[in-house]
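This report is a guided reading for someone meeting the structure for the first time. Please keep the sequence and the model side by side while going through the sections.

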Amino acid sequence: QVQLVESGGDLVQAGGSLRLSCAASGSIFSIGTMGWYRQAPGKQRELVATISIVGRTNYADSVKGRFTISRDNAKNTVYLQMNSLKPEDTAVYSCNADVWTRGSKSNIWGPGTQVTVSS
């Protein structure tokens, strides 16, 4: 069974930086698009950034120029470097990936990691 596990969430002051990691484990044949999403209290989950298997990236307008998504295919890991953090970035950040095992494709979510930005 394939699992995604995030790490790196923390409490940080406005203007600070954090780096999130998400590692996939299990019987993985290959991983397609990977992405980060976030959900703030009382709000719907929203896209933060995605990255394709060849490195093509897509960002929400609210994080462009501040956040950078990257991946290490050899480690089945995706990262999110977050700079110039704002209080409105406070949310649970979850990792998502399209994962191929032998014979099937699944869309997998991690449990999430809390990011809190204080003003």
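## An open sheet

Ser7 has Ser21, a residue of strand 3, standing opposite to it. The model in which this is seen is a predicted one. Strand 1 and strand 3, the latter covering residues 18-25, pair in the antiparallel sense over 5 bridges.

These strands belong to an open sheet of 4 strands, in which the order is 1-3-8-7 and the pairing is antiparallel. The edges are formed by strand 1 (3-7) and strand 7 (67-72), each of which pairs on one side only. On average, and with direction ignored, neighbouring strands of this sheet are turned by 15° against each other.

## A network of charged side chains

The side chain of Arg38 meets that of Glu46 in a salt bridge, with 2.7 Å from N to O. Arg38 is buried, since its relative accessible area is 6% and the limit for burial is under 20%, whereas Glu46, at 36%, is partly exposed.

Arg38 also forms a salt bridge with Asp89, where the closest N and O atoms are 2.9 Å apart. This pair links distant parts of the chain, 51 residues apart, with Asp89 in the loop between strand 8 (77-82) and strand 9 (91-101) and Arg38 in strand 4. Both Asp89 and Arg38 are buried. A further salt bridge joins Arg66 to Asp89, the closest N and O atoms being 2.7 Å apart. Because Arg66 lies in the loop between strand 6 and strand 7 while Asp89 lies in the loop between strand 8 and strand 9, the pair ties together parts that are 23 residues apart in sequence. Arg66 counts as buried at 11% relative accessibility, and Asp89 is buried with a relative accessible area of 1%. Through shared partners, the salt bridges join Arg38, Glu46, Arg66 and Asp89 into one network.

## Aromatic rings and charges over them

How many aromatic pairs does a search of the whole structure find? The search finds 1 aromatic pair. In this pair, the ring centres of Tyr37 and Trp109 are 5.0 Å apart and the planes stand at 65°, so the arrangement is edge-to-face. Since Tyr37 lies in strand 4 (residues 30-39) and Trp109 in strand 10 (residues 104-109), the pair ties together parts that are 72 residues apart in sequence. Tyr37 is partly exposed, with a relative accessible area of 21%, and Trp109 is likewise partly exposed, with a value of 33%.

Trp109 has a charged residue over it as well, for Arg45 lies over the face of Trp109, at 3.7 Å from the ring centre. Elsewhere, the charged end of Arg19 sits over the ring of Tyr79, 4.0 Å from the centre of that ring.

## A buried serine in a loop

Ser52 is found in the loop between strand 5 (46-51) and strand 6 (57-59). Is Ser52 buried or exposed? Ser52 has a relative accessible area of 16%, and therefore is buried, because burial requires a value under 20%.

Which residues is Ser52 in contact with, leaving aside neighbours within four places in sequence? Ser52 is in contact with Thr33 and Arg71.

Technical notes:
Residues are numbered from 1 along each chain as its sequence is written. This is a predicted model: local features need pLDDT of at least 70, side-chain atom pairs count only at pLDDT 80 or more; totals for chains, interfaces and linings use all residues. Side-chain values use heavy atoms; hydrogens and water are left out. Helices (H or I, at least four residues) and strands (E, at least two) are DSSP runs, numbered from the N terminus. Buried means under 20% relative accessible area, exposed over 50%, partly exposed in between (1.4 Å probe, protein chains only). Contact means heavy atoms within 4.5 Å. Rings of Phe, Tyr and Trp (its six-membered ring) pair if their centres lie within 6.5 Å; planes under 30 degrees apart count as stacked, over 60 as edge-to-face and the rest as tilted. A charge sits over a ring if NZ of Lys or CZ of Arg is within 6 Å of the ring centre and within 35 degrees of the ring normal. Two strands pair if DSSP finds at least two bridges between them. Axes are lines fitted to C-alpha atoms, for helices over the stretch in contact, and angles run from 0 to 180 degrees between N-to-C directions. A salt bridge is a side-chain nitrogen of Lys or Arg within 4 Å of a carboxyl oxygen of Asp or Glu.
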